[in-house]
Amino acid sequence: MNNTTRHTLTHLALHLLTPLLMCLGMALAYQGAFHQPTPHHLKVAVVGEGPQVRALADGIQGRAGSALDVSVVADRAAAAHQVEQRSLVGAFVPDPRSPELLVATASSATSATAAEQAFGQVAAAQGVPLHTTDLIPTAPGDPTGQGLFFLLVALSIGSYGSVAVIGAAGAALSMRLRALVGLAVSLVVSTIGIVTAGPVFHVVDHDLAAVWALGWLYSAGVVLVGIGLHSFLKRWTTLTTMVLFVMLNFTSSGGIFRPELQPAPFGLLHRFYDGAGFVEGTRSILYFDGGAGLAGRVVSLVLWLAAGALLAVAGAWYERRAAGAVESPAAREEELAEAAVAG
């Protein structure tokens with residue numbers, strides 16, 4: 001094997017590291033997050049008063065262990081309010097003939113299903129059928145409740161995919177111009193997202209402007225973080241943004257399974273990650289009248305955008321410093337030459 005072939009193979013192997021690491025990361029992240037959804041500390045309640053209700057709640061808690069967190073709520077109206085505020089995943093209303101379970105599938109269809117399975121066993125033990133009341137269903141165009149997750153996927157791919165193009169094709173531009181291009185791209189990405197999710201597929205059937213604004217905030221944060229990182233990471237930027245905005249982001253967003261059905265690390269990320277900010281914030285807008293934690297989710301998206309802006313500023317400083325380091329030897333040589341001529 002000659003030196004040219006050996007050099008080419010080494011160069012190829014180094015570049016193949018990126019897709020192979022992507023494969024490994026996706027396998028670990030997606031299978032780790034989604035392979036075995038199991039309830040843990042699923043917040044539910046038994047509705048009613050008196051020792052019998054308390055005994056029923058204690059019995060359910062004892063059999064479920066850490067899978068459920070069972071509380072007691074005095075009446076159906078109070079329980080329904082807590083479900084609608086997303087404080088509870090489900091509320092069980094005991095009845096000798098027709099027990100009822102209150103859920104809100106708009107909060108998470110998979111979590112509601114987990115609650116239905118848990119209390120279905122309680123009703124079956126009593127020999128009666130369980131009646132489920134969905135207090136807040138999803139939009140007709142999103143019967144599974146996962147349409148917002150796929151909107152997140154589209155926004156993310158459009159955003160972090162643009163970072164590589166801006167970094168490569170726009171390398172000659174200043175950081176300020178690249179950032180402005182990135183913000184313009186995020187406007188286009190969020191517009192594509194809301195048009196397809198709204199008028200085309202009706203996943204979003206009202207409050208389109210608010211959802212679009214949240215989508216732009218999310219997309220702009222992703223783009224600015226990526227543009228800023230590109231100054232430091234160069235060809236490793238794509239892998240890094242895949243880790244940040246796909247592997248960790250999609251799995252912790254709550255779009256498929258919420259934290260109560262996932263391993264603990266994904267629940268921790270769900271508290272502050274930008275994908276969760278978009279998905280949960282959009283749910284709050286569409287189904288919970290702007291409540292249920294919307295303000296906190298907007299703050300998280302603003303903080304991600306601010307982090308992207310800081311990274312862009314740091315990247316601009318780093319590029320200027322690197323350019324100065326390259327130019328300074330030539331400048332010194334020129335000064336010496338001028339000094340020699342003057343002498």
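## A tour of the cavities

Start by selecting Ala-109, Thr-144, Gly-145, Gln-146 and Arg-283: among the 16 residues that line the largest cavity, these lie nearest its centre. Keep in mind as you look around that this is a predicted model.

Next, colour helix H4 (109-126) and helix H10 (274-287), the elements that each give two or more residues to this lining.

Now colour by domain. Domain 1 (42-134) and domain 2 (146-327) each contribute at least three residues to the lining of the largest cavity. Switch to colouring by residue class, and the lining divides into 9 polar, 5 nonpolar and 2 charged residues.

How many cavities of 30 Å³ or more does the structure hold? There are 2, so let us move on to the other stop.

For the second largest cavity, select Leu-151, Leu-155, Ser-190, Gly-193, Ile-194, Val-211, Trp-212, Gly-215 and Phe-278, which line it. This cavity holds about 40 Å³ of space.

To see where the lining comes from, show helix H5 (147-169), helix H6 (175-200) and helix H7 (208-233); each supplies at least two of the lining residues. Colour by class once again: here the lining has 6 nonpolar and 3 polar residues, with no charged ones.

How values were computed: Residues numbered from 1 in each chain as written. Predicted model: local features only at pLDDT ≥ 70, side-chain atom pairs only at ≥ 80, totals over all residues. Heavy atoms only, no water. 1 Å grid on protein atoms, 1.4 Å probe; cavity = no way out; pocket = protein on both sides within 12 Å on 5 of 7 lines; lining within 4 Å. Points joined across faces, edges and corners; volume = space filled by probe spheres on them. Helix = DSSP H or I, 4+ residues; strand = E, 2+ residues; numbered from the N terminus. Nonpolar A, V, L, I, M, F, W, Y, C, P; charged D, E, K, R; others polar. Domains from an automatic or database assignment.
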